[in-house]
Amino acid sequence: MRGLGWRRPILMGMVRGSSSALLGVTVLLLVSACSGPFSSATAQSLEGVVIDPPQEKPSFTLTDTEGERFDFGAATEGKLALLYFGYTHCPDICPVHLAQIAESLNELPDVDPVVVFVTVDPERDTPGYLRDYLDNFDHRFVGLTGTSKELATAQEAAGVAVAFRTGEGADYTMAHAGQVLAYAPDGLGHSEYPFGTRQTTWINDLAVLAGMGATGSR
Amino acid sequence: MKHRVMATVVVGAMAVACGEAAATPAPEVSAARIGAPTGPNAALYLTATGGADVLVGATTPVADAVGLHETTMTSAGAMSMTELDSMDLDGSLVLEPGGLHIMLLDVQPLRMGDTVEVTLRWDTAGEQEIEATVVDPADTVEGLTR
């Protein structure tokens, strides 16, 4: 499933080292042989974890912070979309992801993705609470909730680990998928962003993904 | 040959320094930082260096309760938090996003740039007062190399 995402550092290391030009060429050939149908020059400039072949955008409908039904496929059609499953009591990885995305978008005034945060903790994350939480980062971020069953269905559709409760009592925590999923305007998931993604990667990839329109690579 | 002589001198100097520092000093704490709270909980990260000791707890006036936590990846690919009884310092102890952190529960509103007093409790060195700076959550990742 994971293509160039993990091969790229090896390739770059070989080219940079270049103690043996022949070896460098061999590695290049191997990489292109393994990358199959994935040959878009635009997609190759992605720095996130590349998904090869690209994945279909998931289809699910949940409820937004205004209480309206939100059809993920319809609302993001032809647009760059980011999808992340988390919860507001999460102190560690959720705020880092969201702050990184918000700050990257400040650097990219021409990129206007639909950023969707789906709670995996509907019991504590009421719509109002979810709205206040997301407003800490960017007022444009969409917050979604639903029944436990609807939320599990959405996570399954997106192909991520379904979240579950850990710990006891009121201060329980949720184990949940740590990666942010990205869908280009062409409707496909070309890459994903695990926790620990660097800010420079976000800024590079958001600009690249925004240019991957329905007609393919630029 | 010259290099080998140099290396021997350096190792000798280090051995002397370590010998003198054998009397369990408080660990040296750096980069103490808290991601500005966006929900009810926040995380404190820091780097501690020193001899062997064990971090057994922490308190701060800005949180109702404090826990030692570790974020790990489950076999199914989910990020999960576990509460720990202690964290071992063995030369160094690094608390960073996606790994170890000190969780501040029901934290008071904090603004970026604020300084927060935190008391660390070490098994051997006892209580240690430190100051942590409140930073943008994205900036807690500084130095993350994974």
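**Aromatic contacts in the predicted model**

**View 1. A:Phe137 in its aromatic surroundings.** A:Phe137 is buried, at a relative accessible area of 14% (buried: under 20%; exposed: over 50%; partly exposed in between; 1.4 Å probe, protein chains only). A:Phe137 belongs to one aromatic cluster together with A:Tyr84, A:Phe117 and A:Tyr133. A:Tyr133 is likewise buried, with a relative accessible area of 1%. The model is predicted, with local features requiring pLDDT of at least 70, side-chain atom pairs pLDDT 80 or more, and totals for chains, interfaces and linings using all residues. Residues are numbered from 1 along each chain as its sequence is written, chains are lettered from A and ligands numbered from 1 in the order in which they are written, and side-chain values use heavy atoms, without hydrogens and water.

**View 2. The aromatic pair of A:Phe72 and A:Tyr183.** Over all chains, the whole structure holds 6 aromatic pairs (Phe, Tyr or six-membered Trp ring centres within 6.5 Å; planes under 30 degrees apart are stacked, over 60 edge-to-face, the rest tilted). Because A:Phe72 lies in helix α3 (residues 72–75) and A:Tyr183 in strand β9 (residues 180–183) of chain A, the pair ties together parts 111 residues apart in sequence (DSSP runs numbered from the N terminus: helices H or I, at least four residues; strands E, at least two). A:Phe72 is buried at 0% relative accessible area, and A:Tyr183 is buried at 3%.

**View 3. Arginine charges over A:Tyr172.** A:Arg124 lies over the ring face of A:Tyr172, 3.6 Å from the ring centre (NZ of Lys or CZ of Arg within 6 Å of the centre and within 35 degrees of the ring normal). The charged end of A:Arg165 also sits over the A:Tyr172 ring, at 3.8 Å from its centre.
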